[in-house]
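Have the structure open, and try each task before reading on.

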Amino acid sequence: MRVAADEEGAANEQVRYLGIDYFWKQIAFAPTGSSFVSLDATIRAQFQRYRAYYVEGAAKYHAYPVSNGKRLELTLMDLSGSHDVELSVFMPSNPYFRELTATVSPGARFALFSFDSFVKNTGRVALSLSDESQLVPLEN
């Protein structure tokens, strides 16, 4: 909210996570940060596995079970206006995540914080969540 209120001033602030300092523009991939095109390039180029990412996106459709029902996969679209790149978000198939994502309408907005990224076998970049606090719905 502070970034949205003063995007220029907030861009100079740093966020510390796991002992690493990040400028907001380095971790934010949302309307107030870089697009999913930049997110895609960042994930593909990263050398360390546990880099911080803050992402806001719109659900393409509801989440569906993968890995024999142990995980859910949610596809997010870019809110910055570039919808070419999509992001897969994986999370445990627990009651919280199932209730939150199983029946969402296309376009439902979410914010997430992740520190585990990878490139799927299909070539799409992905983030993984482990804790319920890492994914929250946003008002449209």
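S117 is buried, as its relative accessible area is 6% (buried is under 20%, exposed over 50%, partly exposed in between, with a 1.4 Å probe and protein chains only). This is a predicted model, where local features need pLDDT of at least 70, side-chain atom pairs count only at pLDDT 80 or more, and totals for chains, interfaces and linings use all residues. Residues are numbered from 1 along each chain as its sequence is written, and side-chain values use heavy atoms, with hydrogens and water left out.

**Exercise 1.** Work out on which side of α4 the buried residues lie.

*Solution.* First, pick them out: F36, L39, D40 and I43 are buried in α4. They lie on the same side of α4, because they cover an arc of only 100° around the axis (taken from the directions from the helix axis to the C-beta atoms). Finally, look across: these buried residues pack against β3, β4, β6, β7, β9 and β10.

**Exercise 2.** Is F36 buried or exposed?

*Solution.* F36 sits in α4, residues 36–45. Its relative accessibility is 1%, so F36 counts as buried. Beyond four places in sequence, its contacts include F29, V55, G57 and L87.

Note on methods: Helix = DSSP H or I, 4+ residues; strand = E, 2+ residues; numbered from the N terminus. Contact = heavy atoms within 4.5 Å.
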